[in-house]
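Hello,

Here is the structure we talked about. My notes on what turned up follow below it.

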Amino acid sequence: MTNESYQRGIIAMNKEWSEQNKRMQSLIKKADTFNEGKDVLFELRNDLMNTMLSFKVDLDREDYDAMPFMNADGYHSKNIAYSLWHIFRIEDIVANTLVCGDEEILFSGKYQSRINSPIITTGNELVKGQISDFTKQLDIDELYSYIADVKKSTENIIRNLTFNDLKIKVMNERREELKALSVVSSDENAVWLIDYWCNKDLRGLIQMPFSRHWIMHTEACLRIKNKLK
């Protein structure tokens, strides 16, 4: 998926989640409502996480790999297992490598082997059948453990941010560290992410990928689930 299609995907969002997101964005713009904005962000993320967790009850293992909209143009052209991996690999990379300069949860928790993932990237480089070939290998229970750990780590980082931190941009040495880790593919469908993230300040990163990105892919998962069930 290219940057252009990535931006198009921002447009369609669940109304309730969209309103929460708009409220959060408005609140974090001002010092005196910044902490309230963080609370709204955490509420939004909890609501979205509850939807993701509901898949464990509602779906069979093979449903996570199903691609009923494979030839469509949009996030629903992927599958649910890919979407979960993608959301949280991006968050792990951005929160830990770019914002904090810390080791990513994927590595510190030895999650690549635990999940049985053949890749450490965001997965943007995968297309059509490559996506289902990838996700069929994944241990879904371990993927959910990874999700929980990344969410907790990111929210600890956000809790410690001050209003003045929001204007900080990604440091160049962290951009270079990101490249060295090879967690973003050099494929044209993925490599643009490096510039996209590194040109943002921390406020921009809270908005994308820590909120809107979740909404877009969770909605795509629901569309897939509804088609299957």
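N116 is partly exposed, because its relative accessibility is 45%; buried means under 20% relative accessible area, exposed over 50%, and partly exposed in between, with a 1.4 Å probe and protein chains only. N116 sits in the loop between α6 (111-115) and α7 (129-135). Helices here are DSSP runs of H or I with at least four residues, strands are E runs of at least two, and both are numbered from the N terminus. N116 is not a glycine, yet its phi is positive, about 65 degrees. Most residues other than glycine have a negative phi. K128 lies in the loop between α6 and α7 too. Its phi is near 45 degrees, again positive in a residue other than glycine. K128 also counts as partly exposed, at 45% relative accessibility.

Before you go further: this is a predicted model, where local features need pLDDT of at least 70, side-chain atom pairs count only at pLDDT 80 or more, and totals for chains, interfaces and linings use all residues. Residues are numbered from 1 along each chain as its sequence is written, and side-chain values use heavy atoms, leaving out hydrogens and water.

Confidence: pLDDT is the predictor's confidence in each residue, from 0 to 100. The protein averages 94, and 94% of the residues score at least 70. Residues 1-12 stay under 50. The model has 26 contacts for them beyond four places in sequence, a contact being heavy atoms within 4.5 Å. Where pLDDT is low, the predicted coordinates should not be read in detail.

The α6-α7 loop also holds I119. I119 is buried, because its relative accessible area is 17%. Beyond four places in sequence, I119 is in contact with W85, Q112, E125, L126 and F134. Its C-alpha is 12 Å from that of L181, 62 residues away along the chain.

Next, α4 (residues 80-100). Of its 21 residues, 20 are buried. The end C-alpha atoms are 29 Å apart, which agrees with the 30 Å that 21 residues should span at 1.5 Å a residue. The expected span is 1.5 Å times one less than the number of residues. N79 caps the N-terminal end, with a side-chain oxygen 3.3 Å from the backbone nitrogen of A81. After the helix comes G101, with a positive phi near 70 degrees.

The largest nonpolar core has 73 residues. Such a core is a set of buried Ala, Val, Leu, Ile, Met, Phe, Trp, Tyr and Cys residues joined through side-chain atoms within 4.5 Å. Its largest share, 13 residues, comes from α4. Y64, F88, L143, Y146 and W197 have the most contacts inside the core. Residues that F88 touches beyond four places in sequence include M49, M52, Y146 and W214.

Helix α2 (residues 15-27) has 13 residues and reaches 18 Å, close to the 18 Å expected. N14 caps its N-terminal end: a side-chain oxygen lies 2.9 Å from the backbone nitrogen of E16. Among the buried residues of α2 are W17, M24 and L27. The buried residues of α2 pack against α3 (34-58), α11 (202-207) and α12 (212-228).

Last, the cysteines. There are zero disulfides, meaning pairs of cysteine sulfur atoms within 2.5 Å. The sulfur of C198 is too far for a bond, because the closest cysteine sulfur, in C100, is 14 Å away. C198 is buried at 7% relative accessible area, and C221 is buried at 1% relative accessibility.

Best wishes

How values were computed:
Polar contact = N/O pair within 3.5 Å; in protein donor to acceptor, adjacent residues only side chain to side chain.
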